[in-house]
Amino acid sequence: RAKSEGRDTYRFYEHAMGQEARSRRIMEHELRHAVSRREFRLVYQPQKKLDTGEVIGYEALLRWQHPERGNVSPSVFVPVAEESGAIVPIGEWVLETACRTAAGWASNVTIAVNVSAVQLHSANFPQTVHRILLQSGLSPHRLEIEITETALVRDMHRALASLRQLKALGVRVAMDDFGTGYSSLSNLRAFPFDKIKIDGSFIRQVDTNEQAATIVKAVLGIGRGLGLPVLAEGVETSGELSFLSKELCQIGQGYYLGRPAPIEDFSETPEAGSRQEAAASAA
Ligand code: C2E
Ligand code: MG
Ligand code: MG
Ligand code: MG
């Protein structure tokens, strides 16, 4: 009896595992065609100076509109695309679209683009960025590449070489999700970052939680010491915002400051600008 139960349990897991591997393969296949099937789009989230409230940039965030499954979160499909290598052409589409869009804006704000480890380590990545900058006409200093620490640990030497080439183009580099990685402090010293983005998990309840407050203040101190601006991710409440302003955090991003949205919702496009002017003069 026990024996047969064990066998059934095993069969159950074997079946479930097969199922999981199968749906992963299906997703890998779908991701390979998603660019040409025009299933991706970008939304943009504002990054604001905390002392003035001025928008100084936008982060481009990828959205996959699957024909049957609807919106699939990047935290689900990006890891699958990384494993299959599909993230390389997908990431190129992201860079092209984001740079082309930002080049058409009236203001000179930054466009921040997430780049995954696989992409950073792919052959000729800096050359691809260079080509996209030339084709879009975006000035290099307006592009900021966001890199998480997992992108660096793979092959430190190669990552450093790529980052140096990007910096030589004039592109800026931000360390994303600071504090969640595996050796944040040594990475900060080893790589030529221009900005630190504190992960949203540290910002949560920073105004009421002693421990979170201590950690955030320490990161702000590190930023000041190194001469690097610090951006707080995931600012969700006015309490969090006032804590960050009081502690002289320079930049913020989060639902409280602005949700990710299609670019038409912001005043950067000429069309949106004239729409807002028309509304203002009508009022
Ligand atoms: P990330 O780069 O750290 O992006 C910030 C994430 O936090 C975004 O999730 C954003 O929508 C979300 N967020 C913004 N404000 C708040 C807030 O106040 N509270 C909370 N709880 N969340 C907030 P999203 O868009 O789902 O993206 C998740 C992750 O997927 C990104 O984390 C990034 O690592 C990855 N990703 C997104 N777009 C791309 C892309 O184009 N390429 C690559 N390689 N990865 C991407
Ligand atoms: Mg990011
Ligand atoms: Mg982040
Ligand atoms: Mg993240």
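Colleague: Which residue takes a positive phi just after helix 11?
Modeller: L248 does, at about 65°. Helices are DSSP runs of H or I with at least four residues, and strands are E runs of at least two, numbered from the N terminus. This is a predicted model in which local features need pLDDT of at least 70, side-chain atom pairs count only at pLDDT 80 or more, and totals for chains, interfaces and linings use all residues. Residues are numbered from 1 along each chain as written, chains are lettered from A and ligands numbered from 1 in written order, and side-chain values use heavy atoms, without hydrogens and water.

Colleague: Which residues are buried in helix 11?
Modeller: G239, E240, L241, F243 and L244 are; buried means under 20% relative accessible area, exposed over 50%, and partly exposed in between (1.4 Å probe, protein chains only).

Colleague: What do they pack against?
Modeller: Helix 9 (200–203), helix 10 (210–226) and strand 8, where contact means heavy atoms within 4.5 Å.

Colleague: Why does the D177 and E233 pair tie together parts 56 residues apart in sequence?
Modeller: Because D177 lies in strand 6 (residues 172–178), while E233 is in the loop between strand 8 (230–232) and helix 11 (238–246).

Colleague: Are these two buried or partly exposed?
Modeller: D177 is partly exposed at 24% relative accessible area, and E233 is buried at 13%.
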